[in-house]
Every structure is written in C-alpha cells, then in structure tokens.
Amino acid sequence: MDELVAIGRARKLVQAIAAAPVDVDALIAAHGMVYKESDRLGPGEAGNTVTKGGTTYIIVNKNDDPFRRRFTALHELAHNVLDLPSKHASGVTDDELERFVGRPPEEKICDVFAAECLVPAHLIKPLINNASFSVDLLLELTRTFQASRQCIASSFVRNSKELVAYVYAEAGVTQHVIPSAALRNAGIFIQGGMLPSTSAASKAMRAAEGFATQDLDASDWSTSDKALHYACYEEALFVQAWKQTHSLLTFEPVASSVRATEVGDDSDELLPELTGYLPWPKR
Ligand SMILES: [Zn+2]
C-alpha cells in the first residue's frame, strides 16, 4: 500500500460531499462504526479503536482541540478502511500526530488518508485557483475545512499548479518539505536541515513574532542550479509550541536576467536607479 492508493481510496470516500466542512461522524457511521469522545484517554493519547459487543468505536480524546479530534478520528478510520494494523500500541499520541518526525510508514499513510478526507481535493481546488499562497488564506481555509494548518498547507501545495512549497520546521530545523508538482518540474529542490537564516521563518522565530514575510533569492532556499533564475516570496507563521514554523514559499522567474541581455548597454543606466550605487567601478 502506498500513499497514492490511500489517496485514491480517500477521494472515493468523499467524492459525493458537496461542501466543507466534512461531516466526520457521518463518514464513520457510513462504515458501520460509532464516533465517541472520551476524557478517559491518557494524557497525550489522541485516539484509538475498540470493538465491544459487536460494535466498533472510534474514540478520540475530548481534551484535544476540535480540529485535532477530527483528524484523529479519520486517522483511526484509515486503519480500518485500508486494513492497516495500528503501529501505535496504546493509541495515537498527541505528539506523534502533531509532528512529522519518526512516524512509521503505515501511520504516515493513515495520516495522508485522513488529510485527504478532511480536505477533499475537489472542494479545495476552486478555493485556491489563482489565489496566492498566503497566511491569510491558510487561516481562512483552516476555518472552512476545520483542519490544521499543516493539513491545509500540504493540501494547498498538492493541489496547486503554481511554483509553491510548504516547509514545516521545529526549532529552526526542517522536518517536512512539500513542493508542488510545478516546482519539482522546474528543477527546484528545497534543501532540508537548518532553515535559511535569511528566511521569514527564521526572522519570525528570532523575534518571537507570529507572522513575517520576506523577499528572497530562490537560492536562499535551494541549492539547485535552476534556483539561480528564480526569486522567492515567503510568508511564515511562528507557533511557540515546539518552536514550529510554517513557511509558505512562492517562486517566480527573475525577469531581470532575461531583460538585462535584451536591454544591452542601457542596463548600465538602470543600475543607479535600482540600487543607488554602482557595484563595480565604471571604466
Ligand atoms: Zn495510527
């Protein structure tokens, strides 16, 4: 079972849904299971599935936030629908679900399935068509779909035709990079490791500000040769818990590298106007 199969199964499940937010209870009921919230789960335990007297219950932690509960429930449904045994012995832990780090492959597949059900492609596509990849839109869509920022940002990128990428980091270290198909085709690969010090995410984290933007060279984010011909605009969100940063990157071809050759000698005249000084002594 790979992610594409899981995505296909999820899409089939939600294809008839006409509007967000998705009714999670109804999806679970349609599979003959019962959704329940409980405050008896251990602290840090997000959910599990139990069968009692012939009825299967998906139980989620009442103390988790509402978006989290929706995701957990669909993650549990995924184990059942995809017939993937759970690799979390005593239920999903909060920590595991929130963070992308060190998840077993089966768990990641169930996460992908849950995200695809929570944010159906056919419902998000019309909302992101021609829209810029901004924090404002991200927050608006989290409310529309009642899903987490990670969920929405990943879905945006997967369904976008533009040169965009989503980078999730903790304490300045990249945990997850999702490039759009267009960005991959352009040959721009985002490097992992430490966040670029010039990035909006780094800026927001240093200042402990919730939001920052930055105009960058694409090569700040990517060591790919192709990146030299692109600029990058970044909007970043910083969240205190685990020092999370969410970077929304939009790439654009640099027009000046094309124009400079067209303009020829006139380009000398443009330099003072753009920078205020000539970077090289004129002979
Ligand atoms: Zn699981």
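Helix H1, which covers residues 3–14, has twelve residues and spans 17 Å from its first C-alpha to its last, close to the 16 Å expected at 1.5 Å a residue (the expected span being 1.5 Å times one less than the number of residues). Helices (H or I, at least four residues) and strands (E, at least two) are DSSP runs, numbered from the N terminus. This is a predicted model, in which local features need pLDDT of at least 70 and side-chain atom pairs count only at pLDDT 80 or more, while totals for chains, interfaces and linings use all residues. Residues are numbered from 1 along each chain as its sequence is written, and side-chain values use heavy atoms, with hydrogens and water left out.

Ala6, Ile7, Ala10 and Val14 are the buried residues of H1, where buried means under 20% relative accessible area, exposed over 50% and partly exposed in between (1.4 Å probe, protein chains only). Seen down the axis of H1, these buried residues fall within an arc of 100 degrees, so they line one face of the helix; the arc is that of the directions from the helix axis to the C-beta atoms. On the other side of H1, Leu4 and Lys12 are exposed.

An open sheet of five strands has the order S6-S5-S9-S8-S7, with antiparallel pairing; two strands pair if DSSP finds at least two bridges between them. Its edge strands, each pairing on one side only, are the following.

| Edge strand | Residues |
|---|---|
| S6 | 173–179 |
| S7 | 211–217 |

Seven bridges join S7 to the antiparallel strand S8 (residues 230–239), and Asp215 stands opposite Tyr233 in S8.
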